[in-house]
Amino acid sequence: LGFAGELTMSESMEELMVSLYMDRIPSSWTKRAWPSMLSLGSWVKNLQDRLLQLEEWSNNPETIPKVTNISLLVNPTSFLTAICQVTAQKNQWELDKLVTFTRVTKTMSVDEIDSASRDGAYITGLNLQGASWDVSSSQIVPSKPKEMYCKMPIVHVKAVTKEKANIGGIYQCPTYQTEARGPTHYANMQLRSASQPARWVLAGVALIGEIA
């Protein structure tokens, strides 16, 4: 109606029009959505993937997903907290003494996972920025030439006591929802390292969920 001259174009309507034309996510949408740096076309595809994962889970509420794409969750922190809650209830442990601990598998494909984990959850959808991951040795290594991101294998997350999580040879890798980092941080994940963790701290190595 606005284009036809039958309705006065408001400022918000013009902003929406320009955003759609420039393939940007309209600000009125981002206020109601998750953090994202994608273009509009990629964002819509990402929205469809998120809905599909939720629909598959809600249609089978009694079946735990074999692998969950954590980057497709609006609040991944709640998912990790739920792992601790389930473990605490199952073993009659105190929840405040549990933390999540990650182990990177050597499996890249979701199809290679036969069943859901009995003591935690398998997650995917993470990319390593600032370093690379050596699948054969299962440890963090320097980036390859011209490699901006390294797709991570499937990661096994489980809840353990704080004492068991305090082991050597581990880099506490910060994990973010987007490349913007900052407020999109939601967890630290443990990556095995032959080098001192300070090396990766100085390099700004992090796990990123959404990449453009």
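**The pocket and its surroundings**

Mentor: The largest pocket has a volume of about 490 Å³. This is a predicted model, with local features requiring pLDDT of at least 70 and side-chain atom pairs pLDDT 80 or more, while totals for chains, interfaces and linings use all residues. Residues are numbered from 1 along each chain as its sequence is written, and side-chain values use heavy atoms, leaving out hydrogens and water.

Now the terms. The search runs on a 1 Å grid over the protein atoms alone. A pocket is an open set of points with protein on both sides within 12 Å along at least five of seven lines. A cavity is a set of points where a 1.4 Å probe fits but cannot get out. Lining residues have an atom within 4 Å of a point. Grid points are joined across faces, edges and corners, and a volume is the space filled by probe spheres set on the points.

Back to the largest pocket. Its lining has 24 residues. Nearest its centre lie Ile83, Val86, Thr87, Asp119 and Gly120. Helices (H or I, at least four residues) and strands (E, at least two) are DSSP runs, numbered from the N terminus. Helix 4 gives the most, with seven residues. By class, the lining of the largest pocket has 13 nonpolar, six polar and five charged residues. Here Ala, Val, Leu, Ile, Met, Phe, Trp, Tyr, Cys and Pro count as nonpolar, Asp, Glu, Lys and Arg as charged, and the others, Gly among them, as polar.

Take strand 8 next. Five of its seven residues are buried, so strand 8 is largely enclosed by the rest of the structure. Buried means under 20% relative accessible area, exposed over 50%, and partly exposed in between, with a 1.4 Å probe and protein chains only. Strand 8 also has partners. Seven bridges join it to strand 2 (residues 98-104), and the two run antiparallel. In that pair, Phe101 stands opposite Lys158. Three bridges join strand 8 to strand 3, again antiparallel. There, Ala121 faces Val157 of strand 8. Two strands pair if DSSP finds at least two bridges between them.

What about the other spaces? The second largest pocket holds about 300 Å³. Its lining has 16 residues, of which Gln53, Glu56, Trp57, Pro65 and Val67 lie nearest its centre. Helix 3 (40-59) and strand 1 (67-69) each supply at least two residues of this lining. Helix 3 gives the largest share, five residues. The lining of the second largest pocket divides into seven nonpolar, six polar and three charged residues.

There is one cavity of 30 Å³ or more. The largest cavity has a volume of about 80 Å³. Among its lining residues are Trp34, Arg50, Ile70, Tyr186 and Glu210. By class, the lining of the largest cavity has six nonpolar, four polar and two charged residues.

Five strands form an open sheet with mixed pairing, in the order 7-4-11-9-10. Its edge strands are strand 7 (149-151) and strand 10 (185-192), and each pairs on one side only. Neighbouring strands of this sheet are turned by 35° against each other on average, direction ignored. The axes are lines fitted to C-alpha atoms, for helices over the stretch in contact, and angles run from 0 to 180 degrees between N-to-C directions. Strand 4 (residues 127-129) joins strand 7 through three bridges, and the two run antiparallel. Asn127 stands opposite Lys151 of strand 7.

Now the cysteines. The structure holds zero disulfides, a disulfide being a pair of cysteine sulfur atoms within 2.5 Å. At 8% relative accessibility, Cys84 counts as buried. Cys150 counts as buried too, at 8%.

The protein has six helices and 11 strands. Its C-alpha atoms fill a box of roughly 65 × 45 × 35 Å, taken along the principal axes. Of its 212 residues, 39% are buried.
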